[in-house]
Amino acid sequence: MSSIQMQVEQLTQQLQDAGRNRPEDVWNLVESFDQLMLANVAFLRGALSRAPYHRGPVAEETIPLVQKLIQINAHGFISVSGQPATCKHAEQETADEGAPTSHNQSGVVFGDTEQKSYLQGFLHENYLADFVTFIQSQPCFYQIRHRSPNLRVLCGNFPASTRDYTVTRVRSHPDPEQLSTVPWTDTTVLGFDSFTDGCDEWDHIWGHFSTLKRICAEECVSVFLAGREYGQGPLMEDVLLSFFDKAPVMIQLDTTCLHGIKI
């Protein structure tokens, strides 16, 4: 039995012992990058009800992407945040919990929501050189950061003037015919000032889980990937899968060990 298989079996037993109702216990058990890969896969599969970076089960819009995310995590990219590229226009919704206003007696409005695909996570540093070469030719924005021994941006191609990059915008109006006259409101923004405001993504994502923070700081780089257009362009998950299909295998969880696991 390989060392990774042994770790899978040992951590799986600990996952079973901790149980669904105490997911924080599971994350506190993680002591290595391989175990972090496994714990994140367990969360994506629904075996854990929450993660340090997400205080609930996998979001509904993420469910169609779960199998791709599992493959990505099993190869050495710990995914922590993201969304698909979608556009939803003139969808009926309730304004202010349905409270009528002087301008809208029904309390019903119509909304537009537009998203760019994005993905944030931690890539094992063994892949760094190959990934930097690969990502430069891809039709997306990217930024790669390192935390140890000091915080720094390694490379990236977001617009030079960009301090914040919007990936989701919304607008609403009681009259769907008037939606195009309403200014957009940014609701999901990738911030790039975190190295100067005292809280970088390692702190923000892992919080009080000091071992997880140490693992990602010492063994990984932080990666932001984002599409260029709302509602179109490649999924960032597909960009990463394309990379792992071509790159030499540096880190890989034996996903066959997960088959039949009941947690």
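The structure described here is a predicted model. The buried set in α3 begins with F33 and also contains Q35, L36, M37, L38, A39, N40, V41, A42, F43 and L44. From the first C-alpha to the last, α3 spans 17 Å, close to the 16 Å expected at 1.5 Å a residue. Just after α3, a positive phi of about 90° is found at G46.

At the level of the whole chain, the secondary structure consists of 8 helices and 9 strands. The chain has 263 residues, 46% of which are buried.

The mean pLDDT is 83, and 78% of the residues reach 70 or more. Over residues 97-103, however, the pLDDT is below 50, and this stretch has 5 contacts in the model beyond near neighbours in sequence. A further stretch, residues 194-198, also stays under 50 in pLDDT. For residues 194-198 the model has 12 contacts beyond four places in sequence. Where pLDDT is low, predicted coordinates should not be read in detail.

The largest pocket holds about 340 Å³ of space. Its lining comprises 18 residues, and those nearest the pocket centre are H54, T62, V80, S81 and G82. Three elements, α3 (33-44), β1 (77-83) and β4 (118-124), each supply at least two residues of this lining. The largest share, 5 residues, comes from β1. By residue class, the lining of the largest pocket divides into 10 nonpolar, 6 polar and 2 charged residues.

With a relative accessibility of 6%, H124 counts as buried. Apart from neighbours within four places in sequence, H124 is in contact with F33, G76, E219, C220 and I251. One of these partners, F33, is itself among the buried residues of α3.

V239 is buried, its relative accessible area being 4%. When neighbours within four places in sequence are left aside, the contacts of V239 are with F134, I135, Q138 and P234. V239 and F134 are 105 residues apart in sequence, and their C-alpha atoms are 9.7 Å apart in space.

A90 lies in strand β2 (residues 87-94). Although A90 is not a glycine, this residue has a positive phi of about 55°. The relative accessible area of A90 is 38%, which places the residue in the partly exposed class. A90 is therefore neither buried, which would require under 20% relative accessible area, nor exposed, which would require over 50%.

Methods: Residues numbered from 1 in each chain as written. Predicted model: local features only at pLDDT ≥ 70, side-chain atom pairs only at ≥ 80, totals over all residues. Heavy atoms only, no water. pLDDT = per-residue confidence, 0-100. Contact = heavy atoms within 4.5 Å. 1 Å grid on protein atoms, 1.4 Å probe; cavity = no way out; pocket = protein on both sides within 12 Å on 5 of 7 lines; lining within 4 Å. Points joined across faces, edges and corners; volume = space filled by probe spheres on them. Helix = DSSP H or I, 4+ residues; strand = E, 2+ residues; numbered from the N terminus. Nonpolar A, V, L, I, M, F, W, Y, C, P; charged D, E, K, R; others polar. Expected span 1.5 Å × (residues − 1). Buried < 20%, exposed > 50% of the residue type's maximum accessible area, 1.4 Å probe, protein only.
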